[in-house]
Amino acid sequence: MAQTPANTRANSPAKTLAEKLWAQHTVTELDGGATLLYIDRVFLHERTGSIALKGLEAAGRKVREPGQVFCTMDHIVDTFPGRGDETRMPGGKDFIVTTRKAARAAGIHLFDIGDLNQGIVHVVSPEQGIALPGVTLVCPDSHTGTVGALGALAWGIGSTEAEHAMATKTLAVNPQKQMRVRFTGQLPFGVTAKDMVLALIGRHGAAGGVGYIVEFAGPAVEALEIEARFTLCNMAIEFGAFTGLIAPDEKTFSYVEGRPFAPKGAQWDAALAHWRELRSDADAQFDQEIVIDAASIAPQITWGTSPQHEIAVDGMIPDPAAETDTNRRKAMERALTYMDLDAGRPLAGTPIDAAFIGSCTNSRLSDLRAAAEVLRGRHVAEGIKAICVPGSSRVKAAAEAEGLDRVFTQAGFEWRESGCSMCFFAGGESFGRDERVITSTNRNFENRQGPGTRSHLASPTSVAASAIMGAITDVRTLARKDA
Ligand code: SF4
């Protein structure tokens with residue numbers, strides 16, 4: 001038999017971090033190749049969670065361990081100040097009311113509207129210590145892999161799988177290949193984790209991670225604070241990966257300690273001893289390795305309708321004529337038409353209509369602090385609709401405690417309640433047709449932020465700089481003016 005990384009690995013005692021987590025949670029191997037994995041924690045939100053809870057109830061089944069199941073209100077909730085259960089989405093209130101009723105009946109933890117613990121599921125999960133190093137965590141939401149940044153094995157599932165996980169604490173999962181993405185060197189001035197992961201997707205494609213669990217590693221990853229690591233793992237999903245993860249380190253342990261659902265006392269000591277073992281062995285074999293020099297990365301921005309349609313902010317919009325792959329060329333042509341852009345021109349300087357800072361990618365306190373530093377003492381350009389939506393009610397409160405809300409509002413941003421908001425428009429609110437939006441979110445496909453809306457993905461600091469200038473802007477130039 002030919003030696004491949006997969007079968008060489010199976011015979012090797014050296015394991016990747018993902019393989020260790022997989023083995024530690026294996027209940028049994030199933031016929032057909034899937035593994036039955038033990039699921040430590042389940043997180044729900046009102047859009048898909050209500051369906052799962054109702055399905056469970058209709059089947060006459062119970063949540064096996066309600067204390068390990070959590071639910072928040074984030075996708076459909078209104079984010080305007082003074083909100084209640086009413087939403088702008090027709091029928092949206094029903095999701096909220098149904099979820100609340102079903103969550104209470106099931107006895108699970110609910111982070112409801114008006115609760116300081118409410119927020120976007122992937123922000124709340126680590127904030128509350130629900131996501132922890134070494135756990136398996138699932139949620140009926142694509143970006144659940146965000147919390148892999150703590151060294152958790154976390155992935156998005158469907159509502160039916162959520163029912164299964166709640167009822168049995170197990171899930172059948174197909175084995176995944178192993179990839180490591182190493183960022184060497186140091187990030188240059190003005191470049192963030194968002195730029196790192198956009199650069200990865202731009203260079204290796206939005207399908208580059210399909211079939212893989214992607215471990216991010218290397219000195220530039222180790223240098224990132226925990227909140228920035230969430231951004232990397234969040235966008236692993238836009239790289240096509242099953243999930244992303246990062247080996248936990250001392251920064252991780254400090255971040256986790258004392259959080260409400262993290263272990264305490266003797267359990268903390270035992271957990272810490274276990275967590276310190278959670279890393280890929282030195283000679284572990286990966287099916288694929290990618291190395292990127294962090295020093296080679298500039299602030300990135302998307303020009304098209306896929307995260308892979310991205311360039312350095314000071315670059316030129318690529319010409320589809322130079323693309324040899326027919327499908328890719330057609331996708332580029334269609335994207336340019338949708339985005340109303342011309343190939344061969346600079347992207348910087350393109351006028352925008354709106355700016356959005358929020359989402360599970362970039363709405364944590366460190367994101368808001370960084371954007372506020374760009375905004376401080378400045379005002380968004382005339383006619384720009386600028387919105388900031390903190391990732392959780394706790395992030396919002398912490399930002400307000402240090403005056404960031406005033407920096408945003410004095411700069412001309414709306415300051416909202418927490419939720420997914422216009423990361424997508426299921427909440428019933430959207431940007432307008434043909435409006436060009438620079439956004440700290442993670443998806444830029446057609447109509448994502450509203451019918452006909454044109455979305456450019458970027459870091460929160462790039463969004464802030466562009467809002468001030470009223471056009472796509474290299475944040476480094478703005479920062480240097482203040483230096
Ligand atoms: S913020 Fe956006 S990507 Fe994240 S969970 Fe909400 S809708 Fe999904």
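I began with helix 3 (49-58): its buried residues pack against strand 3 (41-45), strand 4 (69-72), helix 4 (92-106) and helix 6 (159-168). For contact I used C-beta atoms, placed from the backbone, within 7 Å. Helices (H or I, at least four residues) and strands (E, at least two) are DSSP runs, numbered from the N terminus.

This is a predicted model: local features need pLDDT of at least 70, side-chain atom pairs count only at pLDDT 80 or more, and totals for chains, interfaces and linings use all residues. Numbering runs from 1 along each chain as its sequence is written.

Which residues of helix 3 are buried? I noted Gly49, Ser50, Ile51, Ala52, Leu53 and Leu56. Buried means 20 or more other C-beta atoms within 10 Å of the residue's own, with C-beta atoms placed from the backbone. After helix 3 comes Gly60, with a positive phi near 75 degrees.

Next I looked at the whole protein chain. I found 17 helices and 19 strands, and 54% of its 483 residues count as buried. The C-alpha atoms fill a box of roughly 60 × 55 × 45 Å along the principal axes.

Last, the ligand. I listed 13 residues around it, the closest being Ser359, Cys360, Cys420, Cys423 and Phe424; near means a C-beta atom, placed from the backbone, within 6 Å. Where does the ligand lie? Domain 1 (18-175) and domain 3 (301-482) both give residues to its shell, so the ligand lies between them. The domain bounds come from an automatic or database domain assignment.

Key:
Buried ≥ 20, exposed ≤ 12 C-beta atoms within 10 Å, placed from the backbone. Contact = placed C-beta atoms within 7 Å.
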